[in-house]
Amino acid sequence: MQQLNGKVPGGPLAEKWDRHQLEMKLINPANRRGFNIIVVGTGLAGASASATLAELGYNVKIFCIQDSPRRAHSIAAQGGINAAKNYANDGDSIWRLFVDTIKGGDFRAREANVYRLAQVSNNIIDQCVA
Ligand SMILES: Cc1cc2nc3c(=O)[nH]c(=O)nc-3n(C[C@H](O)[C@H](O)[C@H](O)COP(=O)(O)OP(=O)(O)OC[C@H]3O[C@@H](n4cnc5c(N)ncnc54)[C@H](O)[C@@H]3O)c2cc1C
C-alpha cells in the first residue's frame, strides 16, 4: 500500500517547523537582510508583495514602466473592492458578504473559496490601503 509523504521536518514536535525555517537559507530570518528582491509592477499585486517582503526583513526594490508608481491600473479601480468591515449597525458579516458574492458570481463560484475570500477580506483590504 502506498503511504502519503507529508514531508514533515524531523526533530521534536514543538521544534520541527521552527528548526526547518532556520535550516532554509532563503527564509531564515537571520539571512533575510542579505537578500535583494526585485519586484516588477507597483499595482496591488506588486505593492502588497513588496510590503509583505519588506516587513519580513528582505531588501526590496520595486519598479514600474510608468513615470509614477501610482499610474498602475490598481489606482484606476474606483468601484471598490468588497470586505466585511462590520462597522457598527451596518449588519455586515462574513456570511452576508459570502452570500452576496455567490449571487454576484451567478452561483458559479466555488463556495469554499468564496467563503475564504469573505473571511480574509478585511486583512487584504487593510494591507492594500497601507
Ligand atoms: C479603469 C479600471 C477600473 C477598474 N475598476 C475596478 C473595480 O472597481 N474593482 C476591482 O476590484 N477591480 C477593478 N479593476 C481591475 C483592477 O484594477 C485590476 O485587476 C488590478 O488593479 C490589477 O492589479 P495588478 O497589481 O495585478 O496590476 P496593475 O495595477 O495593472 O499593475 C501592473 C504594474 O506593472 C507595471 N508594468 C507592466 N509592465 C511592465 C514592464 N514591462 N516593466 C516594468 N513594469 C511594468 C506597471 O507599471 C504597473 O505598475 C479596474 C481596472 C481598470 C483599468
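A residue is classed as buried if 20 or more other C-beta atoms lie within 10 Å of its own, as exposed if 12 or fewer do, and as partly exposed in between, with C-beta atoms placed from the backbone. By this criterion, 5% of the 130 residues of the chain count as buried. The structure is a predicted model, in which local features need pLDDT of at least 70, side-chain atom pairs count only at pLDDT 80 or more, and totals for chains, interfaces and linings use all residues. Residues are numbered from 1 along each chain as its sequence is written.

The radius of gyration, taken over C-alpha atoms, is 20 Å for the chain, whereas a compact globule of 130 residues would have a value near 14 Å. The globule rule is 2.2 Å times the number of residues to the power 0.38. Taken along the principal axes, the box filled by the C-alpha atoms is roughly 55 × 50 × 35 Å. Two residues are treated as in contact if their C-beta atoms, placed from the backbone, lie within 7 Å. Among contacts between residues at least 6 apart in sequence, 38% join residues at least 24 apart.

Secondary structure was assigned from DSSP runs, with helices (H or I) of at least four residues and strands (E) of at least two, numbered from the N terminus. The chain has five helices and two strands, in the order α-β-α-β-α-α-α from the N terminus on. Helix 2 covers residues 44–56, and its end C-alpha atoms are 18 Å apart. The expected span of a helix is 1.5 Å times one less than its number of residues. Just after helix 2, Gly 57 takes a positive phi of about 115°.

Positive phi values also occur in residues other than glycine. Lys 7, which is not a glycine, has a positive phi of about 50°. Lys 7 is placed in the segment before helix 1 (16–23) and is exposed, because 6 other C-beta atoms lie within 10 Å. The phi of Phe 107 is near 60°. Phe 107 belongs to the loop between helix 4 and helix 5 and counts as exposed, with 8 C-beta neighbours inside 10 Å. Arg 110 is found in the loop between helix 4 and helix 5 as well, and is exposed with 10 other C-beta atoms within 10 Å. The C-alpha atoms of Arg 110 and His 20 are 33 Å apart in space, and the two residues are 90 apart in sequence.

The packing of helix 4 (residues 94–104) against helix 5 (residues 111–129) was examined next. The axes of the two helices come within 9 Å and cross at roughly 135°. Axes are lines fitted to C-alpha atoms, for helices over the stretch in contact, and angles run from 0 to 180 degrees between N-to-C directions. Angles under 35 degrees count as roughly parallel, over 145 as roughly antiparallel, 65 to 115 as roughly perpendicular and the rest as oblique. Helix 4 and helix 5 are therefore oblique to each other. The crossing of helix 4 past helix 5 is right-handed, that is, the near helix is turned clockwise from the far one by less than a right angle. On the helix 4 side, Ile 94, Leu 97, Phe 98, Thr 101 and Ile 102 take part; their partners in helix 5 are Glu 111, Val 114, Tyr 115, Leu 117, Ala 118, Gln 119 and Ser 121.

Individual positions in helix 4 were then considered. Ile 94, in helix 4, counts as partly exposed, with 18 C-beta neighbours inside 10 Å. With neighbours within four places in sequence left aside, Ile 94 is in contact with Ala 84, Ala 118 and Gln 119. Between Ile 94 and Arg 19, which are 75 residues apart along the chain, the C-alpha separation is 36 Å. Ile 102, also in helix 4, is partly exposed with 17 other C-beta atoms within 10 Å. Under the same exclusion of sequence neighbours within four places, the contacts of Ile 102 are Phe 107, Ala 109, Glu 111 and Val 114. Ile 102 lies 26 Å from Gly 43, C-alpha to C-alpha, at 59 residues apart in sequence. Lys 103 is placed in helix 4 and is exposed, with 10 other C-beta atoms within 10 Å. The C-alpha atoms of Lys 103 and Ala 72 are separated by 30 Å, with the residues 31 apart along the chain.
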